[in-house]
Amino acid sequence: MDRRVVNFRFKTASPDEASAHLTKRYSRFRIQAADPRAFAFEHTALGDDNFTIERLTFQARVTATMDVTPAFVVGHLLGGRWSLSSGQQNIDVRTPVLYPHREVENTWHDLQLGVVTIAPDEVIEVARLLGAGPRFAFTGNNPVDSESASLWQAAVQHANRDVLGNPEFVANPLVRDEARHTLILALLRTFPNSTMESPRRPDVGAAPASVRRAVQYIEDNAHGAVDIRGIAEASGLSVRGIQAAFRRTFDMSPLSYLRMVRLEAVRKELRALERDDEATVSSVAHSWGFVHLGRFAAQYRERFGEPPSTTRHR
């Protein structure tokens, strides 16, 4: 379906008009300006019905309450002052912020705010494909770490400059779809959510018997010395045969499967540690055969969407 292009600039000096505009755009907004005579508001947006990149500018000091919005909305402070709270929770606005799906209160003073709005349906669909299950949810409002924040900002910059900044691309729904998909993947890799808790595991039950025997051998011996010859012997196939069987069945090698099992074992141990436990990430990683800690950290992050240190201190 060819989605409607969204491209507008809205300006007003009336808090009531700004409230009505933002209510129509997001959900019910209630704006109070400390000095209505000094108030000014400008809002630009570019994208389509499923995602937009926006900029909101408020002059003067403003308090605004926003009801729950079904969309996923990420704000990034560009200038001025901003505080954000929901109930008793004060949300850190020094990094990009995923607005919670509950009523929030903003305080703005000469604000410039970058905003990305993404319709929920495809986010949920992609999350489920990544293994989130039927009860997908975001579990935090700030990036899991500074690297994730940079990933999100790079994805937004790409969509804004390379796609939406090109009128020919804006008019092409396929190009906009690709930009939106990139933003969704960045969103799911940046903000804590249930895809990080539930990485998909290959369906062993549907695998051939030889592959199931190999998997059982890997899982039974993952804490010890495992090599490709031992895996092949356990499966009843040659080394070349088990390599090909794993590629056909799981699209990975037997040793990649072994690494996945060991990464999951590390994660399980890290999550079981008490905060005052003397065990470190490096000691747990070494116990499962990960010698190169930099490579281990990169593999762990790729698998679970967060660094091992975040898991350790959660």
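**Exercises on a predicted model**

**Exercise 1.** In this predicted model, find which residues R3 is in contact with, leaving aside its neighbours within four places in sequence.

*Solution.* Step 1: set aside the sequence neighbours within four places; R3 is then in contact with D48, D49, N50, R176, D177 and R180. Step 2: place R3 in the chain. R3 belongs to the segment before β1, which covers 5-12. Step 3: compare sequence and space for a further pair. R3 and N172 are separated by 169 residues in sequence, but their C-alpha atoms are 9.9 Å apart.

**Exercise 2.** Describe how the axes of helix α7 and helix α10 cross.

*Solution.* Step 1: locate the helices. Helix α7 spans residues 209-221 and helix α10 spans residues 254-272. Step 2: read the geometry. Their axes come within 10 Å and cross at roughly 40 degrees, which means that α7 is oblique to α10. The crossing of α7 and α10 is right-handed. Step 4: list the residues in the contact. Helix α7 contributes V215, I218 and E219, and α10 contributes P254, Y257, L258 and V261. Step 5: sort them by class. The contact has 6 nonpolar residues, 1 charged residue and no polar ones.

**Exercise 3.** Describe the second largest pocket and its lining.

*Solution.* Step 1: state the volume, which is about 380 Å³. Step 2: look at the lining. It has 20 residues, and I53, E54, G114, V156 and N160 are the closest to the centre of the pocket. Step 3: assign the lining to elements. β1, β3, β4, β5, β8 and α3 each supply at least two residues, and α3 gives the largest share, 5 residues. Step 4: sort by class. The lining has 10 nonpolar, 8 polar and 2 charged residues.

Notes
Residues are numbered from 1 along each chain as its sequence is written. This is a predicted model: local features need pLDDT of at least 70, side-chain atom pairs count only at pLDDT 80 or more; totals for chains, interfaces and linings use all residues. Side-chain values use heavy atoms; hydrogens and water are left out. Axes are lines fitted to C-alpha atoms, for helices over the stretch in contact, and angles run from 0 to 180 degrees between N-to-C directions. Helices (H or I, at least four residues) and strands (E, at least two) are DSSP runs, numbered from the N terminus. Angles under 35 degrees count as roughly parallel, over 145 as roughly antiparallel, 65 to 115 as roughly perpendicular and the rest as oblique. A crossing is left-handed if the near helix is turned anticlockwise from the far one by less than a right angle, and right-handed if clockwise. Contact means heavy atoms within 4.5 Å. Ala, Val, Leu, Ile, Met, Phe, Trp, Tyr, Cys and Pro count as nonpolar, Asp, Glu, Lys and Arg as charged, and the others, Gly among them, as polar. On a 1 Å grid over the protein atoms alone, a cavity is a set of points where a 1.4 Å probe fits but cannot get out, and a pocket is an open set with protein on both sides within 12 Å along at least five of seven lines; lining residues have an atom within 4 Å of a point. Grid points are joined across faces, edges and corners, and a volume is the space filled by probe spheres set on the points.
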